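Student: I would like to work through a model feature by feature. Please give the general idea each time, and then the case at hand.

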Amino acid sequence: METTIYNQNGKENGSMKLPESIFGLPWNADLVHQVYVSMQANLRNPVAHVKDRGEVRGGGKKPWRQKGTGRARHGSSRSPIWVGGGVTHGPTKDKIFARKINKVMKAKALKVLLSKKFKENEVLFVDSLSLKASKTKEAKAVLANLAGIKGFEYLTKKTKNALFLALPKKDIALERGFSNFNNMSFGEIRNLNVLDLMNAKHLVIVDPKESLTFLTSKN
């Protein structure tokens, strides 16, 4: 399994062999869905919260005596059936949505998704990336060059979630240059996950030799 390596001018600059264990796996929709949904749930931070009858202030005194008034018996004016009382079955911030994801499942789902994207020609390998002045203008020119590669025309046309730029290590200059584009995101290859891949049409891997060395060691 071989792929073409490009430079930041959009020209071919050699080729390299890809590991079958990362880019040659069969599709497993159930696994990817389970990991994706769990990761989304782990990001939830519930803020909606209603007060039940125990949290509403007041209501400690019995409204009227139990018998002899002709009215229905009540123990508190903060009952959910009273105006000003607590709320039943409302949203609460105490609920925990977090789900456990096994380390092996998470790594396998990432590789399965990488395999699918590679088969669908949505992964682009670039030997290196650099910006002299960290300017958006330079970054835009690089994206225009990469969009000239067959199959990656939508890198500049797609208005949302066009690509995820996977860097081998943190690069402040590149992050400054690409930070003004709202149709892409970027991050270090060591932090690449299923959410990043699912939320982006294309994946651009910079310095594939170093990046794949890390992905291969990821279990």
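**Reading helices, sheet and core**

Tutor: Start with helix 2: its 14 residues, at 1.5 Å a residue, should span 20 Å, and the C-alpha atoms at its ends are 20 Å apart, so the two agree. Keep in mind that this is a predicted model.

Student: Which residues of helix 2 are buried?

Tutor: An α-helix has 3.6 residues a turn, so residues three or four places apart point the same way. In helix 2 the buried residues are Leu31, Val32, Val35, Tyr36, Ser38, Met39 and Ala41. Helix 3 and helix 7 are among the elements that cover them.

Student: How should I read the sheet, and what is the order of its six strands?

Tutor: Strands of a sheet pair through backbone hydrogen bonds, either parallel or antiparallel. Here the sheet is open, its six strands follow the order 2-1-3-6-4-5, and the pairing is mixed. Strand 2 (12–17) and strand 5 (184–188) are the edges, each pairing on one side only. From one strand to the next, the twist averages 30°.

Student: In what sense does strand 4 pair with strand 6, parallel or antiparallel?

Tutor: Strand 4 and strand 6 are parallel, with four bridges between them. Leu165 has Val204 of strand 6 as its bridge partner. Strand 4 also runs parallel to strand 5, to which five bridges join it. On that side, Ala166 is bridged to Gly187 of strand 5.

Student: Why is strand 4 described as largely enclosed by the rest of the structure?

Tutor: Because five of its five residues are buried. Leu163, Leu165 and Leu167 point one way from strand 4, while Phe164 and Ala166 point the other way, and all are buried.

Student: Which helices lie against the sheet, and at what angles?

Tutor: Helix 3 packs on the sheet, where it touches strand 1 (2–6), strand 3 and strand 6, and its direction makes about 90° with that of strand 3. Helix 8 lies across strand 1, strand 2, strand 3 and strand 6, at about 105° to strand 6.

Student: How many residues are in the largest nonpolar core?

Tutor: In soluble globular proteins, nonpolar side chains tend to be buried together. The largest nonpolar core has 32 residues, and those with the most contacts inside it are Phe23, Leu114, Phe125, Leu192, Val194 and Leu203. Helix 3 gives the most to this core, with six residues. A second, separate core has 23 residues, including Leu124, Leu129, Leu163 and Val206.

Student: What is Leu114 in contact with, apart from its neighbours within four places in sequence?

Tutor: With those neighbours left aside, Leu114 is in contact with Ile22, Phe23, Val123, Leu192, Leu197, Leu203 and Leu215. One of these, Leu197, lies in helix 7. Leu197 counts as buried because its relative accessibility is 1%, where the cut-off is under 20%.

Student: Is Asn193 buried or exposed?

Tutor: Asn193 is buried, because its relative accessible area is 19% and the limit is under 20%. This residue is found in the loop between strand 5 and helix 7. A polar atom of the Asn193 side chain lies 3.3 Å from the backbone oxygen of Asn191. Leaving aside neighbours within four places in sequence, Asn193 is in contact with Met39 and Leu110.

How values were computed:
Residues numbered from 1 in each chain as written. Predicted model: local features only at pLDDT ≥ 70, side-chain atom pairs only at ≥ 80, totals over all residues. Heavy atoms only, no water. Core = buried A, V, L, I, M, F, W, Y, C linked by side-chain atoms within 4.5 Å. Buried < 20%, exposed > 50% of the residue type's maximum accessible area, 1.4 Å probe, protein only. Helix = DSSP H or I, 4+ residues; strand = E, 2+ residues; numbered from the N terminus. Contact = heavy atoms within 4.5 Å. Pairing = 2+ DSSP bridges. Axes fitted to C-alpha atoms, helices over the stretch in contact; angles between N-to-C directions. Polar contact = N/O pair within 3.5 Å; in protein donor to acceptor, adjacent residues only side chain to side chain. Expected span 1.5 Å × (residues − 1).
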